[in-house]
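This briefing goes through the structure shown below by topic, beginning with a sheet and moving on to strands, cores, the ligand shell and points of backbone geometry.

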Amino acid sequence: MKLSLMDEKAGKGTLQQLVYDTVAKGIATGEWRESDKLPSVRVMAERLKVHRLTVLKAYQQLLEDGIVEVKYKSGYFVASMAGGDVSADSLASSPPWEYQARSLYVNRSRLSDIHRHQVDYQMSEALIDPALLPNAFLSNHVKQVFDMYPKVLSTYSSVSGDLELREEMARYFMEKQGIAVHPEELLITTGSQQAIDLISRSLVKSGDAVLIERPTYSPAIDVFVQQNVNLLPIEITPQGYDLEHIEYMMRTEKPKLFYMNPTFQNPTGYTVPATQRKALVELAERYECILVEDEVYHDIYFGDPPPLPFFYYDTEGYVIHIRSFSKYVAPGLRISVLAARPELMKVIVPVKALSDNGTPLLTQKIFQHYFFSSRLQEHVAKLRIALELRKARMENLLAATDWSWSSPGGGLNLWIRLPETINVDALLQQCLAESVAFVPGRICDPLDRMESWIRLSYSYLSEVQLEEGIRRLVEISDRVKQD
Ligand SMILES: Cc1ncc(COP(=O)(O)O)c(C=O)c1O
């Protein structure tokens, strides 16, 4: 969407331009958000003291430019995903409210733009069905934590996180994976999302080259775009990466870091094999490129457990390991741990201090006592089975279509290629209108292409809801199909 299209078509200064700019500015400043209804033609005409026909013409121009949508008998609405392709050029030539537009279009998470839509069939959010989490146990457990630490709400955690939790976590890394890490090399963050953001703000600056998987976790793209880095895509396939290409990129582009999600990757579900992990750590050391491994799905596997993390192979301090527990322990607690050697930790911790001065102590304590309990281990084992069943259910429901995907060995998502006759943007708009949500592949692509792909999460809906959600999705895709 270009907010300045009207200038070219109708010339500056016309009344029609005034209406057009009022709406564009209202969208940029958040007066009207995606899918909000605009004032009726009559109300807008009264507000701006112009003729109704002038408003109608401006609305039609906005419609043509993809900024608004019209709904039969309901009026004009702000287009879904409006602003998705605002270019740097269009921002550069913007009116004085440029900084507001920037804040709306550059500082944004395109994934949460989709999640904002309240729908009945939620397949866009990689979250686990709350019915699969031990909620009653957790609430009793919270009471016990208050008994154990009566002053827990009366004080702060340290910036790096509660020491007891970091000590237990260091023991866990050693016992589970043979990774030797000191509690001082651990930072508790408020979700992995915060960890990615802290890294982007502490380790790269505008113009730096940064390698990123293609496709990848969409908010990570948004975070790095915000830092104005030069994002260089690295394809990920069911076999992992092309290491020769990575070496070429490291040699020629000298990237500062490589953001990876190498285990049951979001969105593809692919896993980078152990041999590549070891070799890539050696490349990172040779070319002085920091590897950021974001391990959100490490424990959500259906067959064999995944290979050891990159961090295991790191001897020179080039790997940052981010481990989120938010998916399967208790998403509401938002607890993650970032592991890095002291040289890197030294620059990341001050940014955490600026950001929030430390993750809340209460959530850390609840997490600590629950995570290291035998109850959690039983819960994860059962959860893996339940999630594998949901994956199988979704795959069965999709079996009759001509869509294609590679069945993941873990994680929460299917990464699906649709026939080119289906326009994914049109599909998404119609799905949202009919209470179904999914993630369009384009927002997972640092090159903003992959138009024929979608990500469907099988973990949030019950098996019964999955059936109806997929039925609607397939039925709508038939309707929007073009010959
Ligand atoms: C790859 C990846 N990284 C980070 C996150 C964010 O995790 P958290 O909930 O811990 O912030 C997600 C969540 O979907 C994810 O898939």
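In this predicted model, four strands form an open antiparallel sheet whose order is β11-β12-β15-β14. The edge positions are taken by β11 (404-405) and β14 (439-440), each of which has a single partner strand, so one side of each is left without a neighbour in the sheet. The points below begin with this sheet and the residues around it, and then turn to other parts of the model.

**The open sheet and its surroundings**

- β11 is joined to strand β12 (residues 413-417) by two bridges, and the two strands run antiparallel; within this pairing, S404 has R417 in β12 as its bridge partner.
- P440 belongs to strand β14, and it counts as buried because 23 C-beta neighbours lie inside 10 Å, where 20 or more are required.
- Leaving aside neighbours within four places in sequence, P440 is in contact with V424, D425, L428 and I454, while its C-alpha atom is separated by 9.9 Å from that of I416, a residue 24 places away along the chain.
- Y458 is found in the loop between β15 (453-457) and α19 (463-480), and with 27 C-beta neighbours inside 10 Å this residue counts as buried.
- When residues up to four places away in sequence are not counted, Y458 touches R390, K391, M394, L412, L414 and L466.
- Between Y458 and Q122 there are 9.1 Å from C-alpha to C-alpha, although the two are 336 residues apart in sequence.

- Strand β10 (residues 335-339) is largely enclosed by the rest of the structure, because five of its five residues are buried.
- Both faces of β10 are covered, with I335, V337 and A339 buried on one side and S336 and L338 buried on the other.
- Strand β4 (residues 186-190) pairs with β10 in the antiparallel sense over five bridges, and in β10 the residue that stands opposite I188 is V337.
- Strand β9 (residues 319-324) is also antiparallel to β10, to which it is joined by four bridges; here H321 has A339 of β10 as its bridge partner.

**Nonpolar cores**

- The largest nonpolar core comprises 108 residues, and of these L291 and V292 touch the most other members.
- This core draws at least three residues from each of domain 2 (121-131 + 376-480) and domain 3 (152-373).
- A second, separate core of 18 residues has A24, A58, Y59 and A79 among its members.
- V292, with residues up to four places away in sequence not counted, touches I199, L257, F258, Y259, M260, I320 and I322.

**The shell around the ligand**

- The ligand is surrounded by A126, G191, S192, Q193, Y217, N261, N266, D294, V296, S324, S326 and S336.
- By class, the residues of this shell divide into three nonpolar, eight polar and one charged.
- Helix α10 (residues 191-203) gives the most to the shell around the ligand, contributing three residues.

**Backbone geometry**

- Most residues other than glycine have a negative phi, and most peptide bonds are trans.
- R214 and P215 are joined by a cis peptide bond with omega at about 0°, and P215 is found in the loop between β5 (209-214) and α11 (218-226).
- A cis peptide bond also joins N266 and P267, where omega is about 15°; P267 lies in the loop between β7 (257-260) and α13 (274-287), and N266 is one of the residues that surround the ligand.
- S435, although not a glycine, has a positive phi of about 70°, and its place is in the loop between α18 (424-433) and β13 (436-437).
- With 15 other C-beta atoms within 10 Å, S435 is partly exposed.
- D448 has a positive phi near 65° and is likewise a residue other than glycine; its place is in the loop between β14 and β15, and it counts as exposed because it has 12 C-beta neighbours inside 10 Å, the cut-off for that class being 12 or fewer.

Notes
Residues numbered from 1 in each chain as written. Predicted model: local features only at pLDDT ≥ 70, side-chain atom pairs only at ≥ 80, totals over all residues. Contact = placed C-beta atoms within 7 Å. Core = buried A, V, L, I, M, F, W, Y, C linked by C-beta atoms within 7 Å. Domains from an automatic or database assignment. Near = placed C-beta within 6 Å. Nonpolar A, V, L, I, M, F, W, Y, C, P; charged D, E, K, R; others polar. Pairing = 2+ DSSP bridges.
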